[in-house]
Amino acid sequence: MYGEDRIRRDAAGASFALFRPVKTVSVSNDAGDDIVPFAIAEVSSKPYCVIFPLRFSRSARLYREQNPEIPVIILEGRYPENENPSGFALGANTLEYFIYKTDIESDFYRAAAAANAIDKGKSGKIVVFYDKDMPQARDAFLRGLYEQGNLLETMFLVSFSQYSESGELSCVIMAGSGHEFFERRTGTPVFMFSWLSPNYLPNDVVLVINDSPWVQVKQAVKLLSAGERTGLIKSKFQYLDRRAFGRGLLP
């Protein structure tokens, strides 16, 4: 569903940008935590670093214990503070790892700039479906609108059940919920926080905001090379219909 061709392109692009080969490791969903270190060793016996999404933190800890000389990067994504979906602590000494998180504030600030560009002065309304555990997202989005000078009426909702049609919408932003909106077939432009390949998204999606590990590789390795133990990584904004925004107005 994520698009194997896109993953290969992202890996190739990261390889060119970093001047070193970037290799992906695939394991079955039911593979044990101890299988992942073996799979990594099959791909590379002495990598520059190894990158794990947070859900693989058990495997990251095992790999770190077996290969203490190789830097291990953990990508936290958009998970709330101190929440680990694997349910397994990395250990008391988190300084053993390089831990980077998606820059939620930057992503929503830039999404506000895109919303302003697509509104083009019509002063329509915006609906933002977001996760209640991301309060900084709301503040960053409103700050982005304010600094663009276009104070569009914005409704922040944590579920589709809160939505009610009222007036013309400039765009809808989906960041964690609200997918039922596609059933309305309104033709309203949608910005979607998603790892999915654009080939599999509805036609109404005009902007994809992607914070998948494949697009975060370049920034993560650069942070590691700079000696930054923690840091924030901006998502990739992929415009599927640039005509919808207007020339020169894209953030």
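View 1. Leu 240 sits in the segment that comes after strand E10 (236-239); strands here are DSSP E runs of at least two residues and helices are H or I runs of at least four, numbered from the N terminus. Leu 240 counts as partly exposed because its relative accessible area is 33%, where buried means under 20%, exposed over 50% and partly exposed in between (1.4 Å probe, protein chains only). Leaving out neighbours within four places in sequence, Leu 240 is in contact (heavy atoms within 4.5 Å) with Pro 198, Val 205, Val 206 and Val 208. Pro 198 is 42 residues away along the chain, with 7.8 Å between the two C-alpha atoms.

This is a predicted model, with local features needing pLDDT of at least 70 and side-chain atom pairs counted only at pLDDT 80 or more, while totals for chains, interfaces and linings use all residues. Residues are numbered from 1 along each chain as its sequence is written, and side-chain values use heavy atoms, without hydrogens and water.

**View 2. Helix H4, mostly covered.** H4 runs over residues 104-119 and spans 22 Å from first C-alpha to last, close to the 22 Å expected at 1.5 Å a residue; that expected span is 1.5 Å times one less than the number of residues. Of its 16 residues, 13 are buried.

**View 3. The largest nonpolar core.** A nonpolar core is a set of buried Ala, Val, Leu, Ile, Met, Phe, Trp, Tyr and Cys residues joined through side-chain atoms within 4.5 Å. The largest one has 30 residues, and Phe 108, Ile 126, Val 128, Phe 141, Phe 191, Leu 207 and Phe 245 have the most contacts inside it. H4 gives the largest share of this core, 8 residues. Apart from this core lies another, of 17 residues, including Phe 160 and Phe 181.

**View 4. Around Val 128.** With neighbours within four places in sequence set aside, Val 128 is in contact with Phe 108, Phe 141, Thr 154, Met 155, Phe 156, Leu 157 and Ile 173.

**View 5. Lining of the largest pocket.** A pocket is an open set of points on a 1 Å grid over the protein atoms alone, where a 1.4 Å probe fits, with protein on both sides within 12 Å along at least five of seven lines; lining residues have an atom within 4 Å of a point. There are 42 lining residues, with Thr 24, Val 25, Ser 26, Ile 51 and Trp 214 nearest the centre. H1 supplies the largest share, 6 residues.
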